[in-house]
Amino acid sequence: MASLSKPHFRMCYSIWFQFLVCVLMLLGVNGFQVPITFVQDAVAKGGVCLDGSPPAYHFDKGFGAGVDNWLIHMEGGAWCNNATTCLERTKTRLGSSKLMTKQYTFSGILSNQAKYSPDFYNWNRIKIRYCDGSSYTGDVEAVDPKAKVYYRGARLLRAILDELLAKGMKNAKNAIFGGCSAGGLGAILQCDNFRAMLPSGAKVKCFSDAGFFINAKDISGASHIQEVFADVVTTHGSAKNLPTSCTSKFDPKLCFFPEYVARGIQTPLFLLNAAYDSWQIKNTLAPGVADRHGTWRDCKADILKCSDSQLQTMHGFRQNFLAALSSLGNSPSRGWYINSCYSHCQSGTQETWLRNDSPLLDGTTIAKAVGDWFYDRKPFQKIDCPYPCDKTCHNRVFE
């Protein structure tokens with residue numbers, strides 16, 4: 001193999017170094033690292049991850065006019081719905097804080113720069129890490145004797161929030177309780193409880209990004225996601241921590257679905273979701289158990305590879321999604337931004353939250369829609385036209 005001469009080596013090294021510098025500059029501009037905080041005293045309260053390790057969060061303090069404002073953003077990562085899947089989860093960062101990265105990149109809604117998150121950049125911004133597998137709802141006193149698995153999501157969340165209250169959140173003037181995916185679902189389920197923790201005079205609203213999971217049948221006609229959610233509620237003992245406004249009317253297992261539970265939520269709520277949510281297409285509409293021959297594999301990885309019949313099925317899913325959304329009623333305090341992208345979670349990354357090429361709905365970025373809604377500058381309740389009409393989407397492509 002031919003070797004590079006010294007001038008060529010220096011030239012290649014220089015090009016590589018310049019490229020690396022550019023990448024690091026982009027990372028520095030669009031995001032920054034925030035260290036982890038472990039809630040050690042939560043262990044004594046039983047508010048622990050699945051493996052019994054303490055819960056954790058990342059906290060970037062507010063400054064200037066934002067010192068009394070608080071933004072909670074809860075991490076997602078699906079669920080575990082039985083002893084086997086929960087035990088497996090203890091071997092990952094989604095079940096043990098021992099395995100979590102010690103730094104977390106804050107960008108998008110969590111950015112500390114006005115040009116990247118103009119309404120929230122100087123707030124106290126917190127990322128809560130997810131390690132309970134129940135969207136922060138579980139509470140079983142007994143510990144699994146064989147596996148030593150703890151189902152304590154609700155206690156875990158309370159322990160974190162108690163620590164934040166002591167750090168100044170009890171004096172909040174403005175607050176947003178939000179999250180992405182399973183964290184976005186948690187924000188819906190615990191919304192009114194969070195509101196009750198803060199001063200009555202504070203402006204408090206909830207925000208769910210990709211957390212509006214619908215009770216839809218899969219391509220085989222089975223109620224797969226309903227069975228999964230029912231098992232989550234049973235395994236984690238979640239029923240007692242779901243809003244009674246729902247459990248008094250429906251089977252508590254249905255109250256894990258936002259379309260049933262959000263009807264009774266009193267606190268203002270904003271729903272950010274793709275009508276063709278990539279997680280729900282992959283796991284609710286066409287899960288592996290319903291697609292044993294893998295005919296949906298390529299389509300689920302890249303929407304451009306979907307056949308006409310698959311796209312028609314996905315349009316049907318969108319119609320079901322919009323029907324579930326409309327079942328909530330039309331409260332003026334609520335907001336929603338339902339675009340037609342093939343994506344999942346759009347608030348935590350700069351490219352989809354606010355950038356010169358980020359998604360638009362009615363000519364409006366996600367950041368502006370959420371900010372206008374929170375500060376009561378302008379209501380936002382918009383639904384996109386069907387795929388593929390929206391050319392501003394950042395559609396996900398999976399390996």
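Ala, Val, Leu, Ile, Met, Phe, Trp, Tyr, Cys and Pro are classed here as nonpolar, Asp, Glu, Lys and Arg as charged, and the others, Gly among them, as polar. The model is predicted: local features need pLDDT of at least 70, side-chain atom pairs count only at pLDDT 80 or more, and totals for chains, interfaces and linings use all residues. Residues are numbered from 1 along each chain as its sequence is written, and side-chain values use heavy atoms, with hydrogens and water left out.

Pockets were examined on a 1 Å grid over the protein atoms alone. A pocket is an open set of points with protein on both sides within 12 Å along at least five of seven lines, whereas a cavity is a set where a 1.4 Å probe fits but cannot get out. Lining residues have an atom within 4 Å of a point. Grid points are joined across faces, edges and corners, and the volume is the space filled by probe spheres set on them. The largest pocket holds about 560 Å³. It is lined by 30 residues, of which Tyr104, Thr105, Ser107, Gly348 and Thr349 are the closest to its centre. Helices (H or I, at least four residues) and strands (E, at least two) are DSSP runs, numbered from the N terminus. At least two lining residues come from each of α1 (6-30), β1 (32-38), β4 (103-106) and α13 (350-353). Helix α1 gives the largest share, three residues. The lining comprises 10 nonpolar, 14 polar and six charged residues.

The second largest pocket holds about 330 Å³. Leu189, Gln190, Asn193, Phe194 and Asn241 are the closest to its centre among 22 lining residues. Helices α4 (153-166), α5, α6 (191-197) and α8 (244-247) each give two or more residues to this lining. Its classes are 12 nonpolar, five polar and five charged.

A nonpolar core is a set of buried Ala, Val, Leu, Ile, Met, Phe, Trp, Tyr and Cys residues joined through side-chain atoms within 4.5 Å. Buried means under 20% relative accessible area, exposed over 50%, and partly exposed in between (1.4 Å probe, protein chains only). The largest core has 84 residues; Ile72, Trp79, Ile128 and Met314 touch the most other members. Contact means heavy atoms within 4.5 Å. Beyond four places in sequence, Ile72 touches residues including Ile126, Ile128, Leu161, Met169 and Phe194. A second, separate core of 24 residues includes Phe32, Leu71, Phe106 and Leu272.

Helix α7 (residues 224-236) has 13 residues. From first to last C-alpha α7 reaches 19 Å, close to the 18 Å expected at 1.5 Å a residue, taken over one less than the number of residues. Its buried residues include Ile225, Val228, Phe229, Val232 and Val233. The buried residues of α7 pack against α3 (83-89), α5 (182-189) and α10 (278-285).

Ser358 lies in the loop between α13 and α14 (366-374). Ser358 counts as buried because its relative accessibility is 4%. Its contacts beyond four places in sequence are Glu351, Thr352, Trp353, Thr365, Thr392 and His394. Helix α14 is mostly covered, with eight of its nine residues buried. Among them are Ile366, Val370, Asp372, Trp373 and Phe374. Their cover includes β6 (174-180), β7 (203-209), β8 (269-274), β9 (335-339) and α13. Just after α14, Asp376 also takes a positive phi of about 60 degrees.
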